[in-house]
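Please look through the structure below before reading on.

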Amino acid sequence: MKLALHDTPNLSLNPKTSLWKQTQKARVAFLYLLPSILLFSVFIFYPMFKTIYLSFFLTDQQGEAALFVGLDNYQDLLTSQSFHKSIKATLLFVLYTVPAGIIIALFLALMANEKLRGIGFFRVIYSSTMGISVAASSVVWLFLFHPSTGMFNRVLNLFGIAEIQWLLDPDWALFSVSVSTIWLNLGFSFLIILGGLQNIDEHLYESARIDGASYWYQLRRITIPMLSPTLFFIITISLINSFQTFGQIDILTKGGPSESTNLIVYSIYKDAFINYQFGTASAQAVVLFICVLLLTILQFKLGEKKVHYQ
Amino acid sequence: SQSKNNENESSNNSSEDNTEESGPVEVSFWHAMSGSGQEAIEDVVNDFNESQDKYIVKPEFQGSYEELLPKFRSVGGTKDAPAIVQTYEIGTKYMIDSGYIEPVQSFIDRDNYDINQLEANILNYYKLDDKLYSMPFNSSTPVLLYNKEAFKEAGLDAENPPKTFNEIKEAAAALTKKNGSNTERFGFSMLTYGWFFEELVATQGGLFVNNDNGRSDQATEATFNSEEGLRVFNLLNDLNNAGHFGNFGTNWDDIRAAFQTGKVAMYMDSSAGVTDTIKNAPFDVGVGFIPYADETERQGVVIGGASLWMSKGISKANQEAAWEFMKYLQTPEAQAKWHVATGYFAINPAAYDEQIVKDKWAESPQLKVTVDQLQATIPSVATQGALISVFPEARQQVVTALENLYQGGNPKEELDKAVEATNKAIEVANKTKK
Amino acid sequence: MNIRNKLLLYLLLFFSAFLLFFPILYAFMISFMSSDEILHGKFFPAAFHLENYLKVFDRLPLLKYLLNSFIVSTSVMIGQLIVCSMAAYAFVFIQFKGRNFIFFLFISTMMIPWEATMIPNFITILKLDWFNTYQGLTFPFFAAAFGTFLLRQNFLTIPKELHEASQIAGLNTVQFFIKVVLPVSKTSLVTLGVYSFLSTWNQYLWPLLVTTNDSVRTVQIGLKQLQTQETATDWGVVMAGVIVVIIPTLLLLFLGQKQLQKGLTQGALK
Amino acid sequence: MKKVELLNISKTYDRKQDVISSISVTIEPGEFFVLVGPSGCGKSTILRMIAGLEDITDGVIKIGEKEINDLPPSKRDLSMVFQNYALYPHLSVEENIIFGLHVKKISKSERKKRCSEAADMLGLGSYLQRKPRELSGGQRQRVALARAIVNQSPICLMDEPLSNLDAKLRAHMRSEIRQIQRHLGITMIYVTHDQVEAMTMGDRMMILHNGEIQQIGKPIDIYNRPANPFVATFIGSPPMNLVSCTNNWKTGEININNHLRFFIKPEDQPAVRNRQLTVGIRPEHILHSSNRLTNTIKMQVQVINVEVLGTETIFAFHLGGKEWLAKWNGQWRLSVNDIVPIEIDYNSICLFDKKTGGLIKAPAKIERHIIEQEVMI
Amino acid sequence: MKKVELLNISKTYDRKQDVISSISVTIEPGEFFVLVGPSGCGKSTILRMIAGLEDITDGVIKIGEKEINDLPPSKRDLSMVFQNYALYPHLSVEENIIFGLHVKKISKSERKKRCSEAADMLGLGSYLQRKPRELSGGQRQRVALARAIVNQSPICLMDEPLSNLDAKLRAHMRSEIRQIQRHLGITMIYVTHDQVEAMTMGDRMMILHNGEIQQIGKPIDIYNRPANPFVATFIGSPPMNLVSCTNNWKTGEININNHLRFFIKPEDQPAVRNRQLTVGIRPEHILHSSNRLTNTIKMQVQVINVEVLGTETIFAFHLGGKEWLAKWNGQWRLSVNDIVPIEIDYNSICLFDKKTGGLIKAPAKIERHIIEQEVMI
Ligand SMILES: Nc1ncnc2c1ncn2[C@@H]1O[C@H](COP(=O)(O)OP(=O)(O)OP(=O)(O)O)[C@@H](O)[C@H]1O
Ligand SMILES: Nc1ncnc2c1ncn2[C@@H]1O[C@H](COP(=O)(O)OP(=O)(O)OP(=O)(O)O)[C@@H](O)[C@H]1O
Ligand SMILES: O=P(O)(O)OC[C@H](O)CO
Ligand SMILES: [Mg+2]
Ligand SMILES: [Mg+2]
């Protein structure tokens, strides 16, 4: 699980060996990578370059570049209040969903990793949200959040607590969307973490148990370090996914109220699909891309140190 | 083999002329109707297909209005373009400018088709420079829905709903019921949707954009922060501050549920939603005209909903099929069926004389109010509706402004902000226009 | 573990399971209710009417949608497993110059929001004349940075002795890949398979874009067709649709889980 | 210092076949108890049951006076060296060693001290900061050993702790472990397959075969009086030569395939009456015929294989349809096919009951030098 | 049958310290070559370089006449037993064993045959359908061994292949491996830390220490003429006793800490002149003083530790400030603190140069029995 891959000493190749020989491994690797590279080029890199290109233009109603404006789109973004709001909402959203989601998933996975009767049932239940589409789940959550017939407000009423405008109050909306997102992503994180847990050598726990290490001590000194590659993976994925959340927003809030849930991706979607402003949409996409990229690099740089690789 | 089939199907839409020989001409009809609307549209299309044997129209759902448009934009002018496409009213300007569509006026002129049989107030919207670009299809307007039982309970006249802004305020005050900090029933509510704002401005005679709502010339500036617009915002602000306004967000179903469960006593809904609401609400539902400001006269409503457009660049035969279908839709029988099934207006008023409509109206007389309101509309550039290419964005700005307003924002400031943002979008759009 | 702890753990397990499963349970209940019951916010339906389900199947060619979804999801799953495992293999077991760079390039594709590339991709599909075809629905998803990343992480945990032993046994890279790496990584292949299947199953916007008619449309679009904007939504029917749509995936997850557990316990020798 | 008691312990993994069948043994406090047996006989399984890592299918385990069947491993207060080391791959050697001390809340300075003591003893001083994956096999094993040593638990379980070490280090470790065990008074249960370890380290030794106890006793007693042919061949290297024979109960003559005949001494005759016999003779008791000894069985055999070790020479020959091994001191220049004269002292012969396997006669007074008697210069 | 040639091979993992420093050796076709050395000395590393699993930092490896530095492992046509088995966890024992044959396109019946042969030989017959994780440590090792055996590659590398087996099985495997190797004419490179394996199996043996060759030669020659003190203590168990002494070049007297004095024979005197000496004596050459031998160094020592093995007794005593070990045949009833008379034959003494470590005098004619001369009944 190393990003800092070992470049093996044999790259200091014997000068006698021909270039053809030297590149043999690279050529074999290329064959393995070919399908990916082809598909990526067509469906990701090309559109990405197109996006970057478009971000320097104002586009016409057909979505074609019409007027070169240089960095104007970026400048506009930086001064645009609603983009600031977007960024803030996105960061908050990431902050709400990623740590909480992973901690809950870890908690569930730890429980489900115990060897108990019927544990399979719980594993299925805990991973079930993975099988539920954003569309389907958001519809259900919409119902749960419903201001007049929703389950949540009913429960609050039951306890005599003032109703909450879950999706209508800008102070609550992001939170509510986050809750449903955490729920939705839980299944996947759970499965991944459970897999990681099961891959830890049982002998290590045996040894620790003999030493008399408490559950928490084992958790801290063995489980978490041994799980760190998995955690690292799921954190990276969750971060990226969280930055790209779209479906829930579209169904639950459409970016409102008062743009409080207008995450960047949704803002991009709106600009591109509803307002036909591909130029600004592209500029946002590029900004988002750079943000996520930087964050991921940062994560790899910092996180790597804490991650133990087998 | 599946994919081969599809290729054949799509090539039917293309401009190859030889398809005429082989049986009936098949054309695609892209629409954005889901739920019961989709059922109704499929019924109507079926009727058409059975009524003759030269053409077969295939209704194809393409997502919401918002989702349909970018898709059409991408296939427009190619062989994958459908013969007929449904577009919401605020996409009109975009469609006209796109160059992908054939104005129906050319067929009207060719066939000397009499469009005067159609509802003038509807045609007005889709006409530009006396040229009809698309065929109106599913048209709606907003109306005021109220809970008659709540009216009685509050000692109000259930047969006489409030007409002006002030009356709304008074009624709302009377209808609001509190229980400690929780409000059990709000007097008034409005979906946080730009459409209702546009209608409330229009009914006062206010314009949304300059250049006669964009109808005499390309609109260059938004004008909805005029006094008419401000009155609407003030009304909502006052109601909200008084605690008489219930905010149920941007979701149609939420506000309907609120009304039907008695959480809201009055709200505005699309005429297309009236039938269902009457059916589902456990109490008597009253329907009234939308309110206007006390300072002005009632001008009426702008038409909403969508119309049908014909693609350009497809084969003559396909265009012919599209045209035949459009004509069929305007027949009183088709319209009557459509109106009864959906609550959308009959484009052809003759439909209202059909028996099924009469039966329906007898059953729920409230439905007639929607038609009355439309027919009572005074034609003007205000009630004709605005034509701007960036209409969707403008609506969004209004939504944001409304949301901010409900959170304690200043009406004037929020409105100005929305106008400013809209202006910017208009400016960009005009700049990039070819 | 003593009895008290066990009991406590079971309690926690049940409680979490209930919380987690509540929304699904709720949807399930609603799917049997009449609109009147729904409006009154009941939790248990008065009776388990199948009306809503009948309506759903009557309204839409749901079986056909399900079949399409199944074909599309399975294809993407298989395609992704093949393409991603090949790439991951190269990243782990072949040492070549620029490996880091290419890997990072791959990873970086994860950062690109799909919504941002949708329109150009749509046009590509259009140009390829892949409208209304399974290719159009599946091809763009065959290569996935996520899948490559996941498999790479797993391949890295394969003891290097296995690679060495295979090399000495005379296996070439392809043989080692097929005979050792893939079987040993069954777990993560299942994980990725389940993941890619489900995420494809759950797609909405892309299938909507590249199809214009029902021929290859997937079930999520059907779900959308049950909801309406302007006219009242029949929630009972929608929830029935939701249940119909999620049952196959839950089932798959259930079956996959068994396979997953099996795979997990067969983990590599330490 | 605690007693460990196994009462009728059984274990099955698959609920079909017993891996351990009803074993009872008491390991005394402070005892060094060695467990030997062929690969797969259940040694590790027993250790793991004592440690609490494996459920006990049947029976009772007591530590001290307490039944501990249901006690979790952490409460049993013991340390263990695993056959496959079980090092924490994410911790450095040092952290691995003091892992258990940490848990036991032992002060930092004490931890440091014990760690460096153990590391010195095991020659790990310069590897303390490495991760396990950067160590050679033997180095890893030493870390595992150090980890158990620093714990100073009253009971220590070791599963082939020296199998990957070279002879020199192994000899060193043998005495170190023994010294630590004595010094701390630890009760040690030690699994090994090394003859020398088994013979020299244990106070007592238990031989296991197919999950059943073959013999328990002092190593040297077991060597001298193996309870059955299995033990006889398992302990001692090269193993005891075993061959079945016919015996004439009347004359007391024993006949090995007509190749070798001798008479049972009168005092042993009652014991062999009515029994079928297996004859056993240790390789080192097959002597070079020197004419020095009397009352021996003499013959000439043909060498079929020779192995010359530094101090001794082992050669094989055929006798009675079986391959026999003989071990002579020193380096003999023997070649295959050489004819060599050998002699066997009757006293050094072992007799087993062919049917039950029971020992009938053990070697007597062979090479038991008693220094007090011999030396008096 | 192929030659393996190492020319000035060096290896470093961290680019700082050499794990292997400039080793050159030629392993002849069909030779059984044993590699021994203390833990961590680089044995596995050498095997891995030959196999192509580890890059060669410097030097050339040839197989046959071909330089193979850059040949991938799969092209080198050799088989290998890994120290930690490296079994495929997803395959059954049987599939593990025939894994390589599959690749080599060997017919199904032949695969079956070879597999069952190997399984029988290693006692794996009843485990063929199990997965590796259901096996005990020794069983796993046997699977790894079987896997290498069935391959019948011209070169076979084994890394401590018997370390987890019990003595009996190990003895059996020793001769089996040797026979297979001879039978197939395989060139075998064999790492072990077991003295007996090292002494008996190899045609030649190489002793490695800190990545450097200490000595190469026939095992018995190395035992008799160890090139330096390291080899002397490493080969032979218990190790040779080494002690430094002062020597008077004029009189030829050797003085070990004033405890032991003796004179160097005139013929050896020239070699020791001007040198500081280390004296070495193997434990088995410290004899019980029986007055039988003349010209020996006699003394009495006090026993400080005794280990009684079945055939021999090892005891320790202090002499010249060092602990010495002596090994006597048989079981001696010695106790700690006993005073025992010992004698050492001058011939059995080893002398090393204290500075260079070079061998000056090896034991002469000690216990080299030559059967032809002795036996003539
Ligand atoms: N998890 C398991 N499932 C099934 N059988 C097992 C399992 N673990 C061990 N066994 C079997 O139980 C028997 C005893 O195993 P154990 O590990 O105790 O042997 P051992 O005496 O330690 O052998 P070795 O000296 O080879 O390590 C073996 O036959 C083994 O195959
Ligand atoms: N991957 C590695 N990185 C750094 N050092 C290593 C690595 N592998 C081995 N070493 C070091 O190289 C030296 C030689 O290791 P090697 O495994 O060859 O020893 P060995 O002779 O096989 O020992 P053993 O008998 O204990 O298996 C050791 O000191 C070891 O710590
Ligand atoms: O949903 P409809 O068809 O009533 O239309 C309402 C709005 O006019 C859409 O823009
Ligand atoms: Mg074991
Ligand atoms: Mg090694």
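Is A:Gln284 buried or exposed? The model is predicted, and in it A:Gln284 has a relative accessible area of 3%. Buried means under 20% relative accessible area, so A:Gln284 counts as buried. This residue sits in helix H13 of chain A, which covers residues 278-306. Setting aside residues up to four places away in sequence, A:Gln284 touches A:Leu77, A:Phe83, A:Ile264, A:Ser267, A:Ile268 and A:Asp271.

B:Gln335 belongs to helix H15 of chain B, residues 332-342. Its relative accessibility is 1%, so B:Gln335 is buried as well. Apart from neighbours within four places in sequence, the residues in contact with B:Gln335 are B:Leu329, B:Gln330, B:Phe345, B:Ala346, B:Ile347, B:Asn348 and B:Ala351.

Helix H12 of chain B, residues 252-260, is mostly covered, and nine of its nine residues are buried. Among them are the charged residues B:Asp253, B:Asp254 and B:Arg256, and the list also includes B:Trp252, B:Ile255 and B:Phe259. Just after this helix comes B:Gly262, which takes a positive phi of about 85°.

Helix H9 of chain C, residues 160-168, is also mostly covered, with seven of its nine residues buried. The buried ones are C:Glu161, C:Leu162, C:His163, C:Glu164, C:Ala165, C:Ser166 and C:Ile168. What do these residues pack against? Within chain C, their partners are helix H4 (62-93) and helix H10 (173-184). In chain E, they pack against helix H1 (43-51), strand E6 (78-81) and helix H4 (137-151). Just after H9(C), C:Gly170 has a positive phi of about 95°.

Now consider how the chains meet. Eight pairs of chains are in contact, and of these, chains A and C share the most contacts. Some pairs do not touch. Chain B and chain D have no contact, and their closest C-alpha atoms lie 52 Å apart. Chain B and chain E do not touch either, with their nearest C-alpha atoms 39 Å apart.

In the pairing of chains A and C, 96 residues of chain C are in contact with 88 residues of chain A. The area buried between the two chains is about 8600 Å², and carbon and sulfur atoms give 76% of it. How many salt bridges are counted between chain C and chain A? The count is zero. Six residue pairs are in polar contact between these chains, counting pairs with both residues at pLDDT 80 or more. On the side of chain C that touches chain A, the largest share comes from helix H1 of chain C (residues 3-30), with 16 residues. By class, that side of chain C has 69 nonpolar, 21 polar and six charged residues.

Residues 70-94 of chain C are 96% helix and 0% strand, with end C-alpha atoms 35 Å apart. Residues 176-198 of chain C are likewise 96% helix and 0% strand, and their end C-alpha atoms lie 29 Å apart.

Next is the interface of chain A and chain B. Here 36 residues of chain A are in contact with 35 residues of chain B. The buried area is about 3000 Å², of which carbon and sulfur atoms give 50%. One salt bridge is found across this interface. It joins the side chains of B:Lys424 and A:Asp76, at 3.6 Å from N to O. Strand E1 (57-59), strand E2 (65-68) and helix H12 (264-274) of chain A each give two or more residues to the side of chain A that touches chain B. Of these, H12(A) gives the most, with five residues. By class, that side of chain A has 16 nonpolar, 13 polar and seven charged residues.

For chain A, UniProt lists residues 87-299 as "domain: ABC transmembrane type-1", again in an unreviewed entry. In the model this span is 76% helix and 0% strand, and its end C-alpha atoms lie 19 Å apart.

Technical notes:
Residues numbered from 1 in each chain as written. Chains lettered and ligands numbered in written order. Predicted model: local features only at pLDDT ≥ 70, side-chain atom pairs only at ≥ 80, totals over all residues. Heavy atoms only, no water. Contact = heavy atoms within 4.5 Å. Helix = DSSP H or I, 4+ residues; strand = E, 2+ residues; numbered from the N terminus. Buried < 20%, exposed > 50% of the residue type's maximum accessible area, 1.4 Å probe, protein only. Buried area = accessible area lost by both parts, 1.4 Å probe. Salt bridge = Lys/Arg side-chain N within 4 Å of Asp/Glu carboxyl O. Polar contact = N/O pair within 3.5 Å; in protein donor to acceptor, adjacent residues only side chain to side chain. UniProt positions renumbered as here; feature names shortened; annotations may be inferred.
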